[in-house]
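Colleague: I am new to this structure and would like to learn how to read its features one by one. Could you take me through them slowly?

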Amino acid sequence: MKKDEKKTPSQLLSIGQVSKRSGVPISTLHFYETKGLITSQRNSGNQRRYPRHILRQLAVIRVAQGLGISLSDIREHIDKLPHNAPATATDWERMSSIWAKDLDERIARLTTLKNKLSVCIGCGCLSIDDCPLRNPDDRAAEFCSGAPSLDTATDDETTTIPQ
Ligand code: FES
């Protein structure tokens with residue numbers, strides 16, 4: 001190879017290279033493979049080899065898992081991507097548009113949680129300053145179980161604790 005010739009990154013990576021580049025432990029890569037989230041091929045030495053585009057798939061899987069999305073949900077969406085070729089921007093767009101509704105609902109619920117941690121959520125604890133106002137004598141117990149104010153992804157406090 002001539003000195004100034006640019007080294008093209010290999011398009012097939014060993015499991016060690018994938019682990020190093022993605023930050024995903026080898027044992028987890030094996031686990032993902034058993035769950036059908038990623039696939040590999042074997043070289044003449046019967047060693048696993050992964051196409052480089054799997055790094056993007058792994059990045060999406062890791063973030064989605066971090067958001068609490070189940071592996072089966074993730075697999076359902078990953079399955080919509082081409083298997084033997086890098087996914088195009090259109091493929092990712094198609095997948096994200098399907099996933100968007102679910103993600104939006106999660107974002108809304110997380111926002112509700114963030115916004116309501118300091119107010120009464122109607123859970124029956126009667127331990128927050130505005131519980132007497134918003135859930136006097138735990139009136140919510142007459143209508144529901146759980147924390148009605150958190151169960152609905154809405155910031156409108158008056159509509160979530162039955163009066
Ligand atoms: S926060 Fe639990 S009843 Fe108000």
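Modeller: We will go from the overall make-up to single residues.

Modeller: This is a predicted model, in which local features need pLDDT of at least 70 and side-chain atom pairs count only at pLDDT 80 or more, while totals for chains, interfaces and linings use all residues. Residues are numbered from 1 along each chain as its sequence is written, and side-chain values use heavy atoms, with hydrogens and water left out.

Colleague: How many helices and strands are there in the chain?

Modeller: Helices (H or I, at least four residues) and strands (E, at least two) are DSSP runs, numbered from the N terminus. Here the chain has seven helices and three strands, in the order β-α-α-β-β-α-α-α-α-α from the N terminus on.

Colleague: Which residues of helix 5 are buried?

Modeller: Buried means under 20% relative accessible area, with a 1.4 Å probe and protein chains only. In helix 5 the buried residues are Asp91, Trp92, Met95, Trp99, Thr112 and Lys116, and of the 163 residues of the chain, 28% count as buried.

Colleague: Where does helix 5 bend?

Modeller: A bend at a residue is the angle between axes fitted to the seven residues ending there and the seven starting there. Helix 5, residues 89-116, bends by about 45° at Ala100.

Colleague: What is the phi of Asn46, and what is that of Asp138?

Modeller: Most residues other than glycine have a negative phi. Asn46, although not a glycine, has a positive phi of about 60°, and it is found in the loop between strand 2 (41-42) and strand 3 (48-51). Asp138, also not a glycine, has a positive phi of about 50°, and its place is in the loop between helix 6 (131-134) and helix 7 (148-151).

Technical notes: Buried < 20%, exposed > 50% of the residue type's maximum accessible area, 1.4 Å probe, protein only.
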